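Here are a few notes from going through this model. Have a look at the structure first, then see whether you read it the way I do.

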Amino acid sequence: MSDAFLTFITTCRGRLEHLQQSLPKLVAQKGAAIVIVDYDCPQGAGTWVEEHHPEVAVVRSGPREHFEAARARNLGAEAATTPWLCFTDADTLLDAGFSAALEPLLAPGGFYTLGEDGSSMGFCVCSRADFTRVQGYDPVLQGWGMEDKDLYTRLELAGLERRRAPRHLVTMILHRNDLRVQHYALKSGYLSSTINFVYCRAKWDLMAAGHPMTDEAFRRDLYAQVSGGMKASASKGEPFTIRLTFRSQTSFSGALVKSSLVYDVEPLKRL
């Protein structure tokens with residue numbers, strides 16, 4: 001859609017029933033293009049979209065062992081060409097007037113969410129330029145939780161203001177919690193989200209201390225440390241501590257000073 005100001009990006013793996021309800025509402029939006037990411041969906045979401053909505057662009061991930069929300073959303077963003085991007089999940093229903101109500105709100109210097117409602121935390125509108133500037137979602141994150149909060153924090157660290165999208169024009173499809181983790185390797189959403197939180201907390205603190213965190217290999221090593229330690233902690237019911245030495249400096253007197261971040265995590269009470 002050449003005159004579109006916004007691209008809706010929705011990922012799908014095992015959620016075709018929801019996509020069949022939400023996609024027609026996206027198609028009805030004015031001034032919008034749509035990208036659906038079929039992330040190795042066992043239900044053939046991409047084929048269904050092509051057969052029923054040929055005007056919608058489909059991106060396929062190829063064979064993937066597990067769902068990876070961050071990587072899937074990045075694939076959708078790569079296919080978009082509009083000034084603004086809107087990440088919306090398959091279980092999100094938009095009123096027909098949503099894009100018309102959103103357009104006059106959009107302005108440089110900010111990004112837009114629906115608030116702190118957990119069921120709609122993944123909904124985000126931001127400029128394509130700002131999304132690219134912060135390198136999009138972090139593909140290092142695995143399992144359920146935190147890929148959205150991490151993006152929002154990094155957008156704020158980049159100087160952007162968090163603003164409110166028209167929440168009253170959005171309805172969520174209610175569903176069982178087990179659907180949220182069915183295509184992840186780790187089936188405990190509680191443990192997964194805690195691992196991801198500790199990793200993100202460490203990453204944000206390192207960024208605030210001047211470490212750019214742009215090296216994906218470094219982030220993967222950090223994630224492996226957190227994930228391995230947290231899983232061992234959970235299995236034993238013991239606390240978990242991680243110490244990150246991120247800077248070494250020499251004082252005027254010649255003394256070596258090392259700066260570290262230490263995170264103590266209490267034993268998880270449930271998995």
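Does Phe87 count as buried or exposed?

1. Keep in mind that this is a predicted model. Phe87 sits in strand S4, which runs over residues 84-87. Its relative accessibility is 0%, and the cut-off for buried is under 20%, so Phe87 counts as buried.

2. Who packs against Phe87? Setting aside neighbours within four places in sequence, Phe87 is in contact with Ile9, Arg73, Ala77, Gly122, Phe123, Cys124, Cys126, Phe131 and Tyr137.

3. Helix H1 (residues 16-27) passes a simple length check. With 12 residues at 1.5 Å a residue, H1 should span 16 Å, and since its end C-alpha atoms are 16 Å apart, the two agree.

4. Which residues of H1 are buried? They are Leu16, His18, Leu19, Ser22, Leu23 and Leu26. These residues cover an arc of only 125° around the axis, which puts them on the same side of H1. As for what covers the buried residues of H1, the list includes strands S1 (6-12), S2 (32-38) and S5 (92-94), along with helix H2 (45-52).

5. The largest pocket has a volume of about 650 Å³. It is lined by 32 residues, and the closest to its centre are Arg73, Asp89, Trp144, Glu147 and Arg180. Arg73 also turns up among the contacts of Phe87. At least two lining residues come from each of S1, helix H3 (69-78) and helix H6 (147-157), with H6 giving the largest share, three residues. By class, the lining of the largest pocket has 11 nonpolar, 11 polar and 10 charged residues.

6. The second largest pocket has a volume of about 280 Å³. Of its 18 lining residues, Val134, Gln135, Arg154, Met213 and Thr214 lie nearest the centre. H6 contributes here too, and H6, helix H7 (189-208) and helix H8 (216-236) each supply at least two residues. The largest share of this lining, three residues, is from H7. By class, the lining of the second largest pocket divides into nine nonpolar, three polar and six charged residues.

Key: Residues are numbered from 1 along each chain as its sequence is written. This is a predicted model: local features need pLDDT of at least 70, side-chain atom pairs count only at pLDDT 80 or more; totals for chains, interfaces and linings use all residues. Side-chain values use heavy atoms; hydrogens and water are left out. Helices (H or I, at least four residues) and strands (E, at least two) are DSSP runs, numbered from the N terminus. The expected span of a helix is 1.5 Å times one less than its number of residues. Buried means under 20% relative accessible area, exposed over 50%, partly exposed in between (1.4 Å probe, protein chains only). The arc is that of the directions from the helix axis to the C-beta atoms. Contact means heavy atoms within 4.5 Å. On a 1 Å grid over the protein atoms alone, a cavity is a set of points where a 1.4 Å probe fits but cannot get out, and a pocket is an open set with protein on both sides within 12 Å along at least five of seven lines; lining residues have an atom within 4 Å of a point. Grid points are joined across faces, edges and corners, and a volume is the space filled by probe spheres set on the points. Ala, Val, Leu, Ile, Met, Phe, Trp, Tyr, Cys and Pro count as nonpolar, Asp, Glu, Lys and Arg as charged, and the others, Gly among them, as polar.
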